[in-house]
Amino acid sequence: MILDPLQQLGRKGLAYFGRLGRGHLFLMQTLAAVPGLVLRPGLVIRQLHSVGVLTLLIILVSGLFVGMVLGLQGYNTLVDFGAEESLGVVVALSLVRELGPVVAALLFAGRAGSALTAEIGLMKATEQLSGMEMMAVDPIRRVVAPRFVAGFISMPLLAAIFSIVGVYGGYFVGVGLLGVDDGAFWSQMQAKVDLNDDVYNGVIKSFVFGFVAVWIAVFEGYDTVPTSEGVSRATTRTVVHTALAVLGLDFVLTALMFGD
Amino acid sequence: MENAVRETGRNGQQAVVQVRGLVFSRGERMIFDGVDLDIERGKVTAIMGPSGTGKTTLLKLIGGQLRPTAGTIVVDGENVHELATRDLYRLRQRMGMMFQSGALLTDLDVYANVAFPIREHTDLPETLVRDLVLMKLQAVGLRGAAGLMPAELSGGMARRVAMARAIALDPMMVLYDEPFTGQDPISMGILVKLIRELNDALGLTSIVVSHDVQETAAIADYAYLLSDGKVVDQGAPEMLWKSASDWSQQFLNGEPDGPVAFHYPARPFRDDLMQGGRSR
């Protein structure tokens, strides 16, 4: 009786590490299947559409609003110090270093990641993956790897688009509505945003977040319990785990990149 | 030499599948406990038994999708569970499987579903692929449905498409998982006819897993009855009807009580009633 909670804890621990191991083996298998896609680019292009292009709208709209809010908040703070002409720098650095990669990854998990998990999970529940195996077609090569590559390529592009649109959102509010000087907005941004320190580091972040987000999404789908409840749980897990992983990794990467 | 010995099955006939001493369990639940069976080349062999006896599991074991706890499964002279992945996939190209759900790829239309294995495994020009697909669809009577999506098909049509896909690569053997479940009489009649005719016309070996006794017995050359992880009876269907086994009689005649009890195991009814208002 006393040992019951201990036993349960042990069981949960074993299940957790078992799953972690499966996830890594799955990643190895997926990465091993990636070179084969060179011969079948059509599979990746099709997924680039459903993973990348269909996520574009939410990225554009969200990026615009985030940039507008940054412009408004930044202006209200900077104007107290008479430094409102630095608004362009504030908006650009916030987006390029942090908000672009992070928010784009969170939106990516909500829109594309959950869709990937649900799609692969339902393919498993309806025996389509099993059917492929029996037709001597490896589902990891045919289904998982193209989606993985498409997600990995899409994520940095979406983060870049998010940041660009966000800068224009900040410009619209700061320059268009609040009267910040047009030339100062752009010139300060040009002078203070460094290509290596800021832009490249942001791009590295978005690649890392993309890798993790799409890995979680395809693994959760492939490892789902093949029932409607199982697919529902897997989809939820994708969004939650990706959000936690992205925010945790963001801290680690920020510390490595910008911590002195 | 070993393979040659293994390929000789029941009555000295050539066996395309030989299962010996098969043991398989899921957790603490034993699914198969020492099953031996032979599937003869060119014949339709039925695997029958109540729901939950592991009939579908047996097909997955034969196809190498599951690994047995003990025992061997030899298909066309190759020990399935000793094969490297590449060789297993090569063996699967010589097998077709029709899943209970059809397992059609929902993002592809009927034509593309049947073309799928051909496109994946051959470099045939598209005109030839088209001819092959139309031939397979013609064989199952669905050439006219080539442009439909899986969601637009009835259950019977979906299984016929799955059947066309299963024979797309001209396999040596087709595995049918519960092909008749939930079918209306017309669809069932079509499926029964197709399984037998395709087997004979294409020189296939067919394994039909089912609990639909009448339909399966009508087309099978040989049948195995499974229960509680063992083969409880076997023989030509007409012989099984005359079997002395109480279990076989109960199963084949659909009797509600017998060796398979009507009541799920429980403590005496009197004890439960005497418990009064107390909850269990």
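Predicted model: local features only at pLDDT ≥ 70, side-chain atom pairs only at ≥ 80, totals over all residues.

Colleague: Let us turn to chain A. How many helices and strands does it have?
Modeller: Chain A has nine helices and zero strands. Along the sequence, the pattern is accordingly written α-α-α-α-α-α-α-α-α.

Colleague: What are the rough dimensions of chain A?
Modeller: Along the principal axes, the C-alpha atoms of chain A fill a box of roughly 65 × 55 × 35 Å.

Colleague: What percentage of chain A is buried?
Modeller: Of the 260 residues in chain A, 43% are buried. As for sequence separation, among contacts in chain A between residues at least 6 apart, 86% join residues at least 24 apart.

Colleague: Which residues touch the most other members of the largest nonpolar core?
Modeller: Ala213(A) and Val218(A) do, in a core of 133 residues. The element that gives the most to this core is helix H4 (residues 87-125) of chain A, with 20 residues.

Colleague: What does Val218(A) touch, apart from residues up to four places away in sequence?
Modeller: Val218(A) touches Leu116(A), Ile120(A), Val144(A), Arg147(A) and Phe148(A).

Colleague: Now the helix pairs. At what angle do H6(A) and H8(A) pack?
Modeller: Helix H6 (residues 139-177) and helix H8 (residues 195-222) of chain A pack at about 150 degrees, and their axes are 8 Å apart. The crossing of H6(A) past H8(A) is right-handed.

Colleague: Which residues make that contact between H6(A) and H8(A)?
Modeller: From H6(A), the residues include Val144(A), Arg147(A), Phe148(A) and Met155(A). From H8(A), they include Phe207(A), Phe211(A), Ala213(A) and Val218(A). By class, the contact of H6(A) with H8(A) has 15 nonpolar, three polar and one charged residues.

Colleague: What about H4(A) and H7(A): at what angle do they pack?
Modeller: H4(A) and helix H7 (residues 182-192) of chain A pack at an angle of about 50 degrees, with their axes 7 Å apart. H4(A) is therefore oblique to H7(A). H4(A) passes H7(A) in a right-handed crossing.

Colleague: Which residues are involved in the contact of H4(A) with H7(A)?
Modeller: H4(A) contributes Leu87(A), Gly88(A), Val89(A) and Ala92(A), while H7(A) contributes Phe185(A), Trp186(A), Gln188(A), Met189(A) and Lys192(A). Six residues of this contact are nonpolar, two are polar and one is charged.

Colleague: Back to chain B for one residue. Where is Leu142(B)?
Modeller: Leu142(B) is in the loop between helix H5 (126-139) and helix H6 (155-166) of chain B.

Colleague: Is Leu142(B) buried or exposed?
Modeller: Leu142(B) counts as buried, because it has 21 C-beta neighbours inside 10 Å and 20 or more is the threshold.

Colleague: Which residues is Leu142(B) in contact with, leaving aside neighbours within four places in sequence?
Modeller: Leu142(B) is in contact with Val110(B), Leu137(B), Met157(B), Arg160(B), Val161(B) and Ala164(B).

Technical notes: Residues numbered from 1 in each chain as written. Chains lettered and ligands numbered in written order. Core = buried A, V, L, I, M, F, W, Y, C linked by C-beta atoms within 7 Å. Buried ≥ 20, exposed ≤ 12 C-beta atoms within 10 Å, placed from the backbone. Helix = DSSP H or I, 4+ residues; strand = E, 2+ residues; numbered from the N terminus. Contact = placed C-beta atoms within 7 Å. Axes fitted to C-alpha atoms, helices over the stretch in contact; angles between N-to-C directions. Parallel < 35°, antiparallel > 145°, perpendicular 65-115°, else oblique. Left-handed = near helix turned anticlockwise from the far one by under 90°. Nonpolar A, V, L, I, M, F, W, Y, C, P; charged D, E, K, R; others polar.
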